[in-house]
Amino acid sequence: MVAGLWGPDLKPDQHAADRASERVPLVALDARPAAARRSSRRCRSVGAAARRALARTARALDCCRLRHAGRRLGRRHLQVALLSLGLSLAYSCRVNLSVCIVEMTNMNSTSGFPAYDWNQSQTGLILSAFFWGYVVTQVPAGMLAQRYGPKQFLMVGVVGCSLLTILTPLVAAYGGWRLMCALRVCEGLFQGMIYPSSHTMLGRWIPPLERGRASAFVYSGTSLGTVSTMAGVGLLASSSWGWPSGFHLPGALGLVWGVAWLWLAADSPAACPAISEHEREYIESALGASSSGDKILRVPWRSIATSLPFFALLVTHLCQNFGHWILLTQMPNFMKNVLHFDVKHNGLNSALPYLCLLLSSFVVGYLAQVVNERKILSMTASRKVFNSMAHWGAGTALMVLAFTHVTSTQAVALLTVTVALESGTLAGFLVNHVDLSPNFGGMMMGVTNSIANTMGIIAPIFVSQIVGDANTSTQEELENGWSIVFMIAACVYFSGNLLFVLAGSAQVQPWNSPSPAESKKHQVSSAGAIS
């Protein structure tokens, strides 16, 4: 039994001794792996620290590289320049009639070019007809630009209007004021695509901190177009080329722009083959998840319609356009009938406010960039401050013009201040659509611009009803009528901006990014519809 338990050759004492002798080498063998493990842990700790340091260095280098890409001129700046020039030419084709129609209806003209016996009501209808078409295509253009890309709709808008502008003298000669109204309606249909598509371009190309400056530069193109048209067309109308050249030249330049736009523009950074990788990464990282890029998203109509910041934006846009279109379309008439300027000086003095607006736009763009980058004010406060400068400042100047007896020079100075202060809207409500929703900013611009530009229809008719016919009214009646017009415009400015200050916001709204399930479902259904 003992042999079976301990083995045939081992006694109990011998076996215990053998086991004791084996313990020492076992302990020594166990000590070596422990030291190795401690060494391995130290190596792993050092390696992890090195990897973290390398990751921090890489992130720092990426940040420096992206900041460097943000400071350099790139393709996004080219898009901004093209947009600004396109808006300038579009406005030239829009407002040239406001200057030309003074000479077109001057029956005492000795220039040798046709003159038409259109009364105040007929000219008011011709000037307002543009907006009958303009309000129709705003919302569809915003939706189509978001879905299919803004590039093609911008080109159709500018080029189509340019072609019709070139045809204007022929239409006036052979169709009379009724066909002129029809032509202006068609021009409005084309130009209704421009603003929503421009906002879509800004939402896809411009990082949030650059939006104030980029928006100011883009929309200063409208001031450049107004200045060049009112001054240039006035000079052309008084030259040997006559008023028809005031339509031919802007139209031809619009066609040239169309060629450059087709060649150099792109719907988004991802669709631009010439953009550098660094600039593309900079734009996409700055936009983050707030912009869907080229993805098709369902428009959250109910959420937008019930949004208080959007309602405040809509009312502000409506009030802005009321004053804007009164000044833009009727200032030449005011200067002719009340201040008694001839066509040449009328054009130059009508252009002066918009020249100051152009210059102040660059100042506002710079100030907005400084305020936003240094975080002197929150984005919401920044938008409200700049918009208040525009609307309450302009309203104050119009009140002075309405309630004081001023000379012609003082009247031009007050109108210049009124229009120049409008530059504040470029860093105010005008870019707020993209603040609230980078994905749907273009479509929202289509909605607000469509509703707001009904003021372009109302303004000429409103002025003609209050002021009356210049041919049958006395000088005192004309001056009193214009005082009422200026006072009402000032009140509209004050009330609209008050709502924007109280209820406006520059925060990205929750409905900017629909739920993933809804977006996926919409993309699948859209793909099925397209196929």
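Accessible areas come from the Shrake-Rupley method with a 1.4 Å probe. By that method, the chain in this predicted model has an accessible surface of about 23,800 Å², and carbon and sulfur atoms account for 66% of that surface.

**The chain as a whole**
- If you look for secondary structure, you will find 20 helices and 0 strands in the chain.
- The chain has 531 residues, and 52% of them count as buried.
- Take the contacts in the chain with a separation of 6 or more: 85% of these join residues 24 or more positions apart.

- Helix α15 covers residues 408–421, which makes 14 residues.
- The buried residues of α15 are Ala411, Val412, Leu414, Leu415, Thr416, Thr418, Val419 and Ala420.

**Two helices side by side: α14 and α19**
- Two packed helices are described by the angle between their axes and the distance between the axes.
- Here, helix α14 (residues 379–403) and helix α19 (residues 475–503) have axes that come within 8 Å and cross at roughly 160°.
- Angles over 145 degrees count as roughly antiparallel, and α14 and α19 are therefore roughly antiparallel to each other.
- The crossing of α14 and α19 is also left-handed.

**A buried residue: Thr226**
- You can find Thr226 in helix α8, which covers residues 211–237.
- Is Thr226 buried or exposed? Buried means under 20% relative accessible area, and Thr226 has a relative accessible area of 2%, so Thr226 is buried.
- Setting aside neighbours within four places in sequence, Thr226 is in contact with Tyr91, Val95, Leu328 and Tyr354.

**Two loop residues: Arg374 and Lys375**
- Arg374 sits in the loop between α13 (343–373) and α14, and Lys375 lies in the loop between α13 and α14 too.
- Exposed means over 50% relative accessible area, so Arg374 counts as exposed at 65% relative accessibility.
- Lys375 counts as exposed at 63% relative accessibility.
- Arg374 and Leu209 are 165 residues apart along the chain, and their C-alpha atoms are separated by 9.9 Å.

Definitions and conventions: Residues numbered from 1 in each chain as written. Predicted model: local features only at pLDDT ≥ 70, side-chain atom pairs only at ≥ 80, totals over all residues. Heavy atoms only, no water. Helix = DSSP H or I, 4+ residues; strand = E, 2+ residues; numbered from the N terminus. Buried < 20%, exposed > 50% of the residue type's maximum accessible area, 1.4 Å probe, protein only. Contact = heavy atoms within 4.5 Å. Expected span 1.5 Å × (residues − 1). Axes fitted to C-alpha atoms, helices over the stretch in contact; angles between N-to-C directions. Parallel < 35°, antiparallel > 145°, perpendicular 65-115°, else oblique. Left-handed = near helix turned anticlockwise from the far one by under 90°.
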